[in-house]
Amino acid sequence: MAHQWRGVIREYFDRLDVDSNTTIITLGEGGTPLVAAPALAKLVGADEVYLKVEGMNPTGSFKDRGMTMAVSKAVTQGAKAVICASTGNTSASAAAYAAAAGIQSVVLVPEGKIALGKLAQAVAHKAQILQVQGNFDDCLDLARDLSDNYAVHLVNSVNPDRIEGQKTGAFEVFEFLDRAPDIHVLPVGNAGNYSAYFKGYKEDIQAGRIKHLPQMWGYQADGSAPFVYGTPVKNPDTIATAIRIGNPASYDLALVACEESQGRFGAVKDPDILWMHRFLSQEVGVFVEPSSATGAAGLLQASRTGDNLAGKTIVVTVTGNGLKDAAWALKDENGDEIKPQVVSKQADEVAERLGLA
Ligand code: F0G
């Protein structure tokens, strides 16, 4: 009989911080495909490159793995409301899981800096949404303050339940490959996901499932790259709004992960992110939001600046679905709007326009 995926808490019950008293709130998250990307492997000169396609989660991003844990724990502890700061995906996920749990969600987003699809998701799931006159870092300070002083449960990745849930991405990579990749590449904002994969791989080592840690490579947008500059960025700026974060919440955790895995952090320019966003859509067949292309853009930059990736098996987590921030797909490489031509209903005219005649 076909196996129906039951969400990460039930699938990995023994490896997560849960017990039989935990009220499980799930939308069936996790179990996402690891898609072979031969065109990307060829481009960067690697043996094999796989995309971990997290846009296939219930709300279209990796956040759902952590949110099932965070909201389940919140509900188990009797919370009636959850709160988060967000560049969009966390709020979409928190709103959906709160709806499933029958509790209220409150989301704080930077004014005018979140993609329309993500805002629509939070609205659809009936979150209380406030646009804050500030950036993500200001929103997170506010959310922490409110959860410290009022009866709202914080579900940002400073809550360890989030990291705990997100580590399951690494478990799934091992189960697919039957080994660890040589390199695991991710886009980095708060570095919660980077730290979560590291935790998952470490636990795989401790359990004897894998023998070595993959090198963890984390990439930021260069206008928003505190890990590269070694200091918080006051006014982070990038078209990759999901990772427009100047003061990463998981800074210290991620530094340990980088050092222990002999990994690295790097920065890529916005045009290179958009180039890779288009390449993944057109040559690999996977439509991601621009921020999600940042890891792959970093991998290409590494290969172009002298890293020899021959013989390497590489996994790149692509974090969110392209439909969330679809406007970028409707622009060409010069930034001009793409508009399909209008034709009559005449077959001969259509054939001519298509170049078939
Ligand atoms: N990719 C996407 C699509 C994201 O939404 C985020 C973070 C990241 C990458 C970076 O992950 O923060 O764990 O390093 N989005 C958060 C949000 C900040 O509010 O949705 P990270």
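Helices here are DSSP runs of H or I with at least four residues, numbered from the N terminus, and strands are E runs of at least two. The model is predicted, so local features need pLDDT of at least 70 and side-chain atom pairs count only at pLDDT 80 or more, while totals for chains, interfaces and linings use all residues. Residues are numbered from 1 along each chain as its sequence is written, and side-chain values use heavy atoms, with hydrogens and water left out.

Start with the open site. A pocket is an open set of points, on a 1 Å grid over the protein atoms alone, with protein on both sides within 12 Å along at least five of seven lines; a cavity is a set where a 1.4 Å probe fits but cannot get out, and lining residues have an atom within 4 Å of a point. Points are joined across faces, edges and corners, and a volume is the space filled by probe spheres set on them. The largest pocket comes out at about 190 Å³. Helices α7, α9 and α11 (251–260) each put at least two residues into its lining, with α7 giving the most, four residues. Asp17, Glu164, Lys199 and Leu253 are among the lining residues. By class, the pocket lining splits into six nonpolar, one polar and four charged residues; Ala, Val, Leu, Ile, Met, Phe, Trp, Tyr, Cys and Pro count as nonpolar, Asp, Glu, Lys and Arg as charged, and the others, Gly among them, as polar.

One cavity of 30 Å³ or more turns up, and the largest cavity holds about 300 Å³. Its lining has 25 residues, of which Phe62, Lys63, Gly189, Asn190 and Ala242 are closest to the centre. The largest share of that lining, three residues, belongs to α9, and α4 and α7 (160–166) each supply at least two. The cavity lining has 10 nonpolar, 12 polar and three charged residues.

The ligand sits in this largest cavity, a label that requires more than half of its atoms to lie within 2 Å of the grid points. Around the ligand are 20 residues, and Thr87, Asn89, Asn190, Ala191 and Thr319 come nearest; a residue is near if one of its heavy atoms lies within 4 Å. This shell has seven nonpolar, 11 polar and two charged residues, and α4 (89–101) and α9 (192–206) each contribute at least two.

As for polar contacts (pairs of N or O atoms within 3.5 Å), a ligand oxygen lies 2.8 Å from a side-chain N or O atom of Ser86. Polar backbone atoms also take part, with Gly189 at 2.8 Å from a ligand oxygen and Gly192 at 3.1 Å from a ligand oxygen. The protein covers 99% of the 480 Å² of accessible area that the ligand has on its own, by the Shrake-Rupley method with a 1.4 Å probe.

Terms used:
Polar contact = N/O pair within 3.5 Å; in protein donor to acceptor, adjacent residues only side chain to side chain.
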